[in-house]
Amino acid sequence: MQGSCKSRLGHRLARKGKSTTTTINKDIAMSCLKSKPKRTQSEERVHRRKVKKVAQENGKRLGLEDDPDLHFLLAGGPLTKVRSRSWQKVRVYKLQEDCKTVWYESNKLFKRKQTFSIDDVDSVRNGRQSEGLNKHTNPTEEDRCFSIVFKGRKKVLDLMAGDEQEANRWVKALNKVISNMRNLSRQQKSEHWIINCMRKADKNDDNKMNLKELKRFLRHINIEVDDTYAEELFKKCDHSNSGSLEDSEIKHFYDLLTHREEIDVIYGNYAQTEAHMSVRDFLNFLLNEQREKATAADAVRLMDKYEMDETAKQKKQLTKDGFLMYLQSEDCAVFNPAHKAVYQDMSQPLNHYYISSSHNTYLTKDQLKGPSSTEAYIRALMKSCRCVELDCWDGANGEPVIYHGYTLTSKILFRDVIQVIRDYAFKTSDYPVILSLENHCSVEQQRLMAHHMISILGDALVTKPLGGNLPTAFPSPQELKGKFLVKGKRLNKLDAAFSYNNNNTMEEGTVSEEDEAAEQENGQKAQQKKSKIKLARELSDIVIYCKSVHFNGFEHARENLEFYEMSSFKESKAFNLADGSATAFIRHNTDKLSRIYPAGSRTDSSNYNPVPMWNAGCQIVALNFQTPYKEMHINQGRFLPNGACGYILKPEFQRAASTDFDPNVLSRGTWLKQKRLHVMVISAQQLPKLNVEKQKSIVDPLVRLEIYGVPADNASKETHYIGNNGFNPMWNERFHFDIHVPELAVVRFVVEDYDATSQNDLIGQYCMPLTSVQNGYRHVPLLNKNGDIIASSGLFVHIMVLDGE
């Protein structure tokens with residue numbers, strides 16, 4: 001075996017004594033298989049009994065033993081798959097005995113069985129809540145319809161049941177299994193993952209593992225071993241000399257495989273009472289290593305929570321198994337659990353917060369011919385995006401549409417988008433949503449836009465200042481809970497709304513603020529190319545706190561603009577201001593809102609780095625949410641704390657009107673709170689295979705730590721790579737970073753598959769603000785490119801954030 005894996009397993013083989021690793025159920029591990037060869041009737045009966053037993057064991061592990069909804073899914077049944085008006089075909093769907101995989105049959109080309117994993121499902125929705133079902137089914141079929149929405153870019157699966165009761169049963173049962181699967185502990189998820197790999201390796205379904213199957217299994221779990229070592233390992237476990245592993249031999253092999261030497265070392269250092277941890281031992285660990293403000297009562301509470309051995313509990317001791325359970329729990333996550341809820345002051349003015357914001361929200365791919373979709377709004381809102389963009393144009397039959405103008409992107413109805421926004425805006429966050437209008441419509445269709453927003457959003461739409469008085473500052477996110485704000489052009493200032501005025505005249509001009517920015521940048525020549533349109537009074541009147549205006553310099557804005565008059569900046573303009581006039585930009589943002597958006601040249605929907613814009617105090621830093629690369633990972637990490645509600649309170653030095661903070665020139669100030677970040681990258685567990693189609697493809701992982709913040713803090717350091725081991729690679733490499741402005745720093749963990757001849761491939765990543773990092777031995781969860789959790793995978797690290805010199 002290559003890398004550290006060989007030495008670790010070899011060391012374990014030489015050890016004597018009973019393993020402390022949690023026992024795996026052999027029947028689950030080796031029986032969860034579909035039949036390959038044809039069976040006799042007798043063999044089929046035996047197989048069905050095995051399948052039933054396996055399903056029962058998996059159901060028990062999910063907390064669904066004898067649950068009628070689980071049995072409903074395991075039995076399965078016919079559903080109509082809907083692709084279009086003319087393509088609606090019956091398919092049989094059922095949950096497999098692993099309680100994790102849904103099986104269905106496809107008639108594409110020739111009959112074949114297909115599956116999808118519960119882990120890949122984002123949500124299950126009742127009714128005609130997808131574009132496909134809305135378009136291809138009749139309103140009378142509403143109660144029979146439901147949709148399975150997948151993570152990433154996989155198409156929505158639209159289905160129709162026989163009747164309303166059956167549809168509700170499918171939705172209820174699927175949601176129950178999904179919820180219980182997500183609530184499994186890290187150790188349970190790890191065990192489940194290994195079981196699936198064993199199931200795939202056992203090709204002949206005999207509940208045994210021969211040498212060939214053992215090597216296949218190791219490749220499934222991302223380890224490559226040489227033939228000599230595989231034979232040695234096999235012989236060590238084959239106590240019966242039968243040529244195959246079964247029963248206790250499989251357990252022995254599993255124990256060797258999942259044993260973690262690094263845990264032995266840590267546990268051994270603190271287990272000073274009869275080779276176990278006492279309350280005092282564990283408290284010492286919490287105080288000295290984890291740097292937690294813990295008491296003996298806290299230690300007892302955690303020991304009761306994670307210790308499974310009743311004898312140890314009675315003695316108030318923590319075994320190695322219990323200690324490992326704690327290390328793999330949320331209590332020991334790298335992200336501070338106190339930040340999972342809203343903990344910041346939400347009563348400050350709106351402009352004192354970073355606001356999670358999307359650009360071209362309607363697009364699912366590129367900006368030239370990619371599809372527009374209401375689903376894109378749902379996905380952004382479910383990620384707690386609090387500012388969405390609506391690019392509005394005249395549509396057929398007098399109905400305004402949303403799409404990327406002058407391109408081949410598809411069109412969706414403005415009315416449908418507003419309905420979707422109403423339905424999904426506050427499912428993950430109660431705080432206000434800003435509707436950023438890019439308005440290219442005629443006056444008549446603008447009036448219809450205003451009508452749709454007022455009629456569909458109702459009282460949730462802010463159509464006049466809160467309190468009924470002329471405001472002098474923004475309301476807070478707390479005051480605006482459950483509300484929608486419209487950002488767009490307004491014909492006059494807010495004080496006109498408090499005087500009697502029957503004037504319905506409309507000003508002529510460029511109504512789209514992005515068009516306006518292009519005119520300013522390109523001069524009169526660009527203005528001549530743009531046709532002027534008028535602004536409807538009805539649309540103007542519902543713009544209250546976010547009136548779009550020209551930006552004519554910071555001094556002009558300070559002397560002439562009201563607090564609610566805001567400007568949008570293309571990235572190039574914004575970056576120039578942040579580089580050359582950072583303090584002026586920050587002071588501007590202590591009073592007003594600023595929106596930044598990607599350059600129009602980013603036709604592939606790529607993104608700019610949002611960090612310099614946050615450093616300048618900009619609130620609405622809009623990104624293409626449909627493009628899941630580093631920039632979106634950083635955005636997801638920035639908005640991870642505070643209950644992931646989409647609002648993050650800016651540091652005090654970015655909120656004070658008299659601030660002299662300049663992120664480019666650091667000097668003595670309240671913001672200069674130097675920290676030293678120490679990180680030891682110890683190991684990783686169960687990294688996914690990147691090329692699942694190629695059986696012998698094994699990753700060569702390395703870990704890189706990246707810091708994003710003020711320019712002086714930006715840094716990147718990486719480990720060496722481990723060859724042919726994605727299951728349990730170990731690095732034990734130490735790094736340190738000097739952080740000058742910790743309140744603006746974001747930490748990103750990146751795991752890549754090393755390649756000497758081409759760019760490394762991303763295996764997983766995790767991003768979070770430095771201020772949310774917990775000290776001590778911590779497990780770092782890993783997310784895939786799309787920002788979704790990779791079940792059972794993670795890093796094990798030791799972190800210390802200490803005061804700098």
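Author: Asp255 and Lys251 are four residues apart in helix α10 (residues 248–258), which means that about one helical turn separates them. Helices here are DSSP runs of H or I with at least four residues, strands are runs of E with at least two, and both are numbered from the N terminus. The two side chains form a salt bridge whose closest N and O atoms are 2.6 Å apart; the term denotes a side-chain nitrogen of Lys or Arg within 4 Å of a carboxyl oxygen of Asp or Glu. Asp255 is buried at 4% relative accessibility, whereas Lys251 is partly exposed at 26%. Buried means under 20% relative accessible area, exposed means over 50%, and partly exposed lies in between, with a 1.4 Å probe and protein chains only.

This is a predicted model, in which local features need pLDDT of at least 70 and side-chain atom pairs count only at pLDDT 80 or more, while totals for chains, interfaces and linings use all residues. Residues are numbered from 1 along each chain as its sequence is written, and side-chain values use heavy atoms, with hydrogens and water left out.

A further salt bridge connects Arg778 with Glu292, with 3.0 Å between the closest N and O atoms. Arg778 belongs to strand β29 (residues 776–783) and Glu292 to the loop between α12 (279–288) and α13 (296–306), so this pair ties together parts that are 486 residues apart in sequence. Arg778 is buried, its relative accessibility being 0%; Glu292, with a relative accessible area of 22%, is partly exposed.

Salt bridges with shared partners also join Asp67, Asp69, Arg169, Lys172 and Lys176 into one network. In total, the structure holds 32 salt bridges.

Another of these pairs is formed by the side chains of Arg125 and Glu375, at 2.9 Å from N to O. Arg125 lies in strand β5 (residues 121–126) and Glu375 in helix α16 (residues 374–382), so distant parts of the chain, 250 residues apart, are linked by the pair. Arg125 counts as buried at 6% relative accessibility, and Glu375 is buried as well, at 10% relative accessible area. As a general point, side chains of opposite charge can pair when their charged atoms come close.
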